[in-house]
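User: Please guide me through this protein model by way of questions and answers.

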Amino acid sequence: MNGPTLQVQMLGQFTLRYGDRTISDSDDRSRRVWSLLAYMLYNHGRSFAQEELIHLYWSNGEKSADPGNALKSIFHRIRTALDKLQPGLGRLLIRRKAGRYFWNNAMPLSLDIADFEAHFHAAEAAGATTAAKAAAAAPGSAKTGAAAHT
């Protein structure tokens, strides 16, 4: 799909920006709507059975007379929120096929949390490499030959 990248900020205030339009969790304070949207975005490479999402959102003792219908209602509200970025975007991005919900990855997506994790893992790997080099160069290491003299 051509067009701008969907920019998603999950660290701090949860916002989505597409072109010159922005929506955020401060627009609609419904916790379930925004948490399910965040879950779908963070796991945008997966699909979810309706039962899995029902278990995820209603297993902590909260009751719903019809959790399947409640879930459909939440997805409708998510699609409506996404439509504020561009008409029809909600139906394009949140899909359901064979009883499974998924994020349509046809649109370029930029997640700040994914960028953060990539930088963290790169720094962690660089730190491990630096620590290994320091350990190898330390007095008494096999590399320096000091261990052979004991």
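User: In what order do the four strands of the open sheet stand?

Analyst: This is a predicted model, in which local features need pLDDT of at least 70, side-chain atom pairs count only at pLDDT 80 or more, and totals for chains, interfaces and linings use all residues. Residues are numbered from 1 along each chain as its sequence is written, and side-chain values use heavy atoms, with hydrogens and water left out. Strands (E, at least two residues) and helices (H or I, at least four) are DSSP runs numbered from the N terminus, and two strands pair if DSSP finds at least two bridges between them. The pairing in this open sheet is mixed, and the order is β3-β2-β1-β7.

User: Which strands stand at the edges of the sheet?

Analyst: A strand at the edge has a single partner strand, so one side of it is left without a neighbour in the sheet. The strands in this position are β3 (21–24) and β7 (109–111).

User: Which residue of β7 is the bridge partner of V8?

Analyst: Strand β1 (residues 6–9) runs parallel to β7, and three bridges join them. In β7, the partner of V8 is L111.

User: What distance separates the end C-alpha atoms of helix α3?

Analyst: The expected span of a helix is 1.5 Å times one less than its number of residues. For the 17 residues of α3 (residues 67–83), the span should therefore be 24 Å. The model agrees with this, as the end C-alpha atoms are apart by 24 Å.

User: Is A98 buried or exposed?

Analyst: Residue A98 is found in the loop between β5 (94–97) and β6 (100–103). Most residues other than glycine have a negative phi. A98 is not a glycine, yet its phi is positive, at about 50°. Because its relative accessibility is 79%, A98 counts as exposed.

User: What percentage of the residues in the protein is buried?

Analyst: The protein has five helices and seven strands. Of its 150 residues, the buried ones make up 32%.

Note on methods
Buried means under 20% relative accessible area, exposed over 50%, partly exposed in between (1.4 Å probe, protein chains only).
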